[in-house]
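Dear colleague,

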Amino acid sequence: MKKIIYLFAIATLFSCSDFLDITPKGVLSEAQVSSPDKVDNTVNAAYASLGNDHYDKPFSLWPYGNVRSGDAYKGGRDEGDIQNFYFMETFKNVKSDFGELDGLWFQYYVGISRANSALKTLNTLTEADFPKLKIRQAECRFIRAHYYFQLKELWKYVPFIDETIAIADYPSISNRALTNDQLWEKIADDFKFGVDNLPAIQPEIGRANKAAATAYLAKTRLFQAYEQDDRNNVTSINATKLQQVVDLINTIPATYGLVADYADLFTPGATENGNESLFAVQFSNKGDGTDYGRLNFGDVLATPMGIGCCDFHKPSKNLANAFKTDPTTGLPMFDTYDAVPLDLNADKVDPRLNHTIAIPGHPWKYDPTTIYQVSWNRTPDVYGVYASLKENVCKTCYTQVGPFYGSTKNRIIIRFADVLLMKAEALIELGGGANLETARQIINQIRTRAGNSTAHLKMADNSFESQFNVGTYGLAGWDQSYARKALRWERRLELAMEGNRFFDLVRWGIADTYMNGYFASEKTKIAYLKNGLFTKNRDEYLPIPDTQMRFSKGVYTQNVGY
């Protein structure tokens, strides 16, 4: 069982009134958190919020980063099953009154509130009272910045509330009080505090450390570098910010790196929290003293029907096709990958296909005695026959809670392959022969790892599941344009179904052309996508929820196009 520091009960700060004789269970009183020997309760409560999402309000962002990017279909029973996700998938009828959007916004600010509450308490102490003061402050600011980063990816303009703002003043804080760049800078400030104050190694698994803060600060600078106007157009790329990305990543210790086998990133147990995982949400089994354990309830809908419920988050045919490789060079088939359906009897593929997508007739989650079947799909006539693998686990590794099947596998927030690709992207956009060459080496390093990650991809007779073939990029033709294409393709394959893709498209300023090209192709295969249409200058971000607009009493400004 993992040794982790999260509180598993929902811990809420509460100031008891005089008429209350009994402190409610699961609630922390001021006396329990305000002294130096107990202040860690508030910090642990902030960490605990990272796992307090729900299947229709998932912090993994699968409906927003994957389904809206064309890498996945919504899945479930049909289009009417969590219908608002279907509307977001096709960018049709997306409205500010969607409960899923308001619920997700609310959960993020609950997490921010916990971080702020802990900081308020910490700020009353001195390092003489509490020697770990700066470390715990940095952890809380890291958690707060993580929430704001995801809020910003989704909504762009959100109110920034820190521990210095009184609760009574919350409704007066506009979501446009800060410009786009100023809000990025606030997020960066929190991560930079972590870089300056967190230790290189934490004694307890699950706490943020200096490398995690450095990586997240680099990610913030990368997003900040792609400057946008008020209509979401990318107007320029800031070279200073790009260089900061490179410089920050270069300081991450060599103790971090790529794990030898890609499979080890997505299996529970001994390989979790390895040297590729810079920060991950920790979960636990029922041995922690609870009835069911601290399960990942945000991703339970992705379990196929052959195991449990409910067959959402279905990899798209387009994504599966993207893993094809040229039979001679082993490189991606950039221009022809989607011309014909994937045929594993004929096509050569990147092994990451089989780590990412469950394919009928192939082993389920590296177990050759358990074969994934077409019958495990809920509505194959609507959503096809693929299932998502990375968030899922072996058939006997789930814990059933009602109709749902959850697992204790970590949810990785940021890993070293992502960091390497961020560095390569910054180098490519900076340009120059030396930068392009370093980017080529980085991409080839990741592709080499992919090509070597086949030991777990075997049938019961020890034959490989597919015909694997991964090549690396040579010097010929490696100019900035080709390098950019290779980098963007590599991010798609390496991080597929991990919640990043749509936000990459928006950052690059190509979401409209990419998504409408996807719809034009995919609607010939998936009938319900026939009306899919991405509207530029609107669909890059979500509408501010109605409930939040009302809460602000007119202070908030709705996002453009809604």
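This is a predicted model: local features need pLDDT of at least 70, side-chain atom pairs count only at pLDDT 80 or more; totals for chains, interfaces and linings use all residues.

Residues are numbered from 1 along each chain as its sequence is written, and side-chain values use heavy atoms, with hydrogens and water left out.

I begin with the cores. A nonpolar core is a set of buried Ala, Val, Leu, Ile, Met, Phe, Trp, Tyr and Cys residues joined through side-chain atoms within 4.5 Å; buried means under 20% relative accessible area, exposed over 50%, and partly exposed in between, with a 1.4 Å probe and protein chains only. The largest such core has 148 residues, among which Tyr 64 and Trp 155 touch the most other members. Helix α6 (residues 133-155) supplies the largest share of this core, 12 residues. Helices (H or I, at least four residues) and strands (E, at least two) are DSSP runs, numbered from the N terminus. With neighbours within four places in sequence set aside, the contacts of Tyr 64 (heavy atoms within 4.5 Å) include Phe 85, Met 88, Leu 154, Phe 502 and Leu 542. A second, separate core of 10 residues includes Ala 387, Leu 389, Tyr 398 and Tyr 405.

Helix α2 (residues 40-48) is largely enclosed by the rest of the structure, because 7 of its 9 residues are buried. Among the buried residues of α2 are Thr 42, Asn 44 and Tyr 47.

Ser 69 is located in the loop between α3 (62-66) and β3 (72-75), and it is buried, with a relative accessible area of 0%. A polar atom of the Ser 69 side chain lies 2.7 Å from the backbone oxygen of Asn 66 and 3.3 Å from that of Gly 65. Not counting residues up to four places away in sequence, Ser 69 touches Arg 501, Phe 502, Leu 505, Tyr 514 and Met 515.

Helices α16 (residues 501-508) and α17 (residues 511-522) have axes that come within 8 Å and cross at roughly 130 degrees. Axes are lines fitted to C-alpha atoms, for helices over the stretch in contact, and angles run from 0 to 180 degrees between N-to-C directions. Arg 501, Leu 505 and Val 506 of α16 make the contact with Ala 511, Tyr 514 and Met 515 of α17.

An open sheet of 3 strands runs in the order β8-β9-β17, with mixed pairing; two strands pair if DSSP finds at least two bridges between them. β8 (324-325) and β17 (467-468) stand at the edges with a single partner strand each, so one side of each has no neighbour in the sheet. β8 pairs with β9 (residues 348-349) in the antiparallel sense over 2 bridges, and Thr 325 stands opposite Lys 348 in β9.

Finally, some backbone features deserve mention. Most residues other than glycine have a negative phi, and most peptide bonds are trans. Cys 309 and Cys 310 are joined by a cis peptide bond, with omega about 25 degrees. Asn 232, although not a glycine, has a positive phi of about 75 degrees; it counts as buried at 5% relative accessibility. Tyr 366, also not a glycine, has a positive phi of about 70 degrees and is buried, with a relative accessible area of 16%.

Yours sincerely

Key
A polar contact is a pair of N or O atoms within 3.5 Å; within protein, one must be able to donate a hydrogen and the other to accept it, and residues adjacent in sequence count only if both atoms are side-chain atoms.
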